[in-house]
Amino acid sequence: MIKYLKKPLDMFFLFLIFFFGLYLYTYKLDKIPNGFYTDEALPGYNAYSLLQTGKDEYGKWLPIALRFYGSYNPPLYTLSVIPSIKLLGLNVFAVRLPAAIFGVFSAFVVFYFLKNLDYLKFKISPYLGALLFLITPWHFFYSRIGYEVGLAFLLFSGGVLFCYLSLKNKYFLLLGLFILSLSTYTAYTQRFLVPIFIVFFFIIFRKILFCKNYRHLIYVGIFLLIITQILNLTILPTPAFFPKSDLFSSSESAGQIHLIREFLSKYFGYFSLRSLFFLPDPDLQRSIPELSVFYSWMLIPFIIGLLKVIAKKSENSSKIILLLFLVSPIPAALTKDPFSTHRALPLLLPFFLIIITGIDQILKKRVSLTLLAGFTVFSISLIILWRSYFVLLPNERADVWGYGFEQLANEIISRPKEHFLIDQTRIKPAYISLAFFLKYPPEKFQQTVDPTIQKNYYTDSKFDNHYKFANLETKNVAWEEDIYEEQIIVGDIFTVSQQQAEEHILSQVFEIKDPLGKIVFIGYKTNPLEKCKKVNFKSSQCKS
Amino acid sequence: MFILGFIIFTSFWFWKILNYNLFLSFILILTTFTTYRNFNSRIIGVTGILLFTILLLFQVKFTEISNLTTLNNNEITIQQQRINEYPQAKITLFNKTIWVPIANWFELRKESIVINKITENFSEVIDLNLYFFANHPRERNGVGEFEKFHYLFVILFLVGIFGSINSCDKKWFALYFLLPVFMISFIGNKNPLGSFSLFPFIVVMISAGVKRILKFI
């Protein structure tokens, strides 16, 4: 691998790719996606809390899995956000920056993978591959949000790369297994995918891996896996290890035949050309408007590449690609989601390797013409990406990206003497986004949470949406009581109707709209005295 | 031939077509058998082309062809909304400002609308889940999805297609697969019987898959 860095021209191109990726992935990083989702605020605020106090939001010292709202997320991404917050402060850019950096490094993993595929004929293919990878929508989207999946992809791909390289140089095997094991501390998918991958890797390449030369390394590798998994094993018997079991397809009322059909339909759904090259992810929060996970034109090199890979199926390069291709969707196919780009992100690697194989085959026909066509296609892809991601996404998806919490936090700061009640009937847990934007001191926040949670940290997964800190409270509005308290009730457009506002003498004090003009939050001030007068002080809530 | 017959008569799709139009189902059986014969012999006879042409004509006849430039009310609303989302783009050359109508190019031009419609139709017709899982789990809005072949046949289909694609006659592939796919991309998928002009291709690929597996066993 080091030999590729020796040539100055190689280094120059790699630096170009690095700086291009860094620019693209950090441009308006705090502004697009427009908003700051709860799943970003959670690692952000917990990283801040760990930095300031060594404890998470619940006061747990260095947790193996972060409880969040009962989701028990693997901790590595949150830990990676700590240095970013230390340098840049607690803000959206700092939370997303590690994902952007990991995304750029993933392009280099893909580059080295392509460099080591035996049947790629053209020296330029790995460079084209790395460049194209940076603008592939699937990867681009997840590299610009504060989610753990980008880091999970980097570590998983890196681990697979070293395992593949170990077929030629046995010492890479330990590094590969170590990195794969580490990836299980980044995202849930890897907890299931890594063991599946390792088992099949050893089965498929058994002739190489079980020969005399490798035997002692395998024993060391097993020992290494056990050692690195001790932390996961300590929480294995607790709900913290498997908190998302409700996401898995239900087997209560369905028969086994139905389950097989359900699994197969979802599994093959991850190979659906329509879903991969034409339709965005059905979850609006995980997709780019009018853009699928790959560009539509990539269908052609994909088919050509797939035929090539299958034709060469006896070669190690093909075997590793086909192995990844077939096992990567398994964890995602077991869940209820119809097409989860989030959970199936590992599938990006084999698909992309196949696409570049196809491009390499096309290059064989007429290099200069193909390069010219390639440049045109690359430019058009950039324009399509610009349109969908930088123009449409910030406007059309602001509401699903938690837009409005920063503005709400500013309203709260501007009214320090007022008490705010944030209605939680329909809104995602607001407490964490508000704690984040208010930069509420973690040591004070930890004192507001139920102390029994710390004691039963990994076993008590119940999440209570009721929080009280600073001058705010988050809970469902209780109309019999809350209108008699002097406060500002904040909710969406359904929280308070016109009739309710008139009946309870509520006066609107602010309104927060998204870029399309849709109301995100409305704040209503209560008038307890007037309300009590209206009901002749008959309510028990009326204070004398 | 027995395998072919088994696949045809166990297909939910065939029985739906039979219930809808007896003559069409008869044409479908004949076309499927001639497609199979052409696949094995690598010669595409006149009979095969004639029958397949009749099948394609039936495909056009039963499809509610909509104008590729027409937008429904929802699409018009989104289009109007999106025009305002684009930034004002301009190029300044020698003190002259040239405004670049990006919003117009992407949202209003008929070419953009047509390309979007064609790719949408194309993506629907090439979706594997459409044929084996009634488009589950990504069913289309406002469309009565139905299962065309038993879901277990998907594996046989994939074995058949990947085993045959390198060795099969390219003309056969272009006629029985590419031609109906491109035709449906232009006329659309609003058809109560679905894209049945692909029925012979799918059945032949499934039977090729069965043969490969039997050979392997």
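## Terms and basis

Buried means under 20% relative accessible area and exposed over 50%, with partly exposed in between (1.4 Å probe, protein chains only). The model is predicted: local features need pLDDT of at least 70, side-chain atom pairs count only at pLDDT 80 or more, and totals for chains, interfaces and linings use all residues. Side-chain values use heavy atoms, with hydrogens and water left out.

## Salt bridges in chain A

Over all chains, the whole structure holds 27 salt bridges, each a side-chain nitrogen of Lys or Arg within 4 Å of a carboxyl oxygen of Asp or Glu. One of them pairs A:R415 with A:E411, where the closest N and O atoms are 2.4 Å apart. A:R415 is partly exposed, at 22% relative accessibility.

A:R286 forms a salt bridge with A:D281 at 3.3 Å, N to O. A:R286 is buried at 11% relative accessible area, and A:D281 is buried at 5%. A:R286 also meets A:D337 in a salt bridge, at 3.9 Å, N to O. A:D337 lies in the loop between α17 (330-333) and α18 (348-365) of chain A, and A:R286 in the loop between α14 (273-277) and α15 (299-311) of chain A, so the pair ties together parts 51 residues apart in sequence. Shared partners join A:D281, A:D283, A:R286, A:D337 and A:R343 into one network of salt bridges.

## B:S112

B:S112 belongs to helix α7 (residues 110-125) of chain B; helices are DSSP runs of H or I, at least four residues, numbered from the N terminus. B:S112 is buried, with a relative accessible area of 17%. Apart from neighbours within four places in sequence, B:S112 is in contact (heavy atoms within 4.5 Å) with B:W105 and B:F106. The side chain of B:S112 reaches the backbone oxygen of B:W105 at 2.5 Å.

Methods: Residues numbered from 1 in each chain as written. Chains lettered and ligands numbered in written order. Helix = DSSP H or I, 4+ residues; strand = E, 2+ residues; numbered from the N terminus. Polar contact = N/O pair within 3.5 Å; in protein donor to acceptor, adjacent residues only side chain to side chain.
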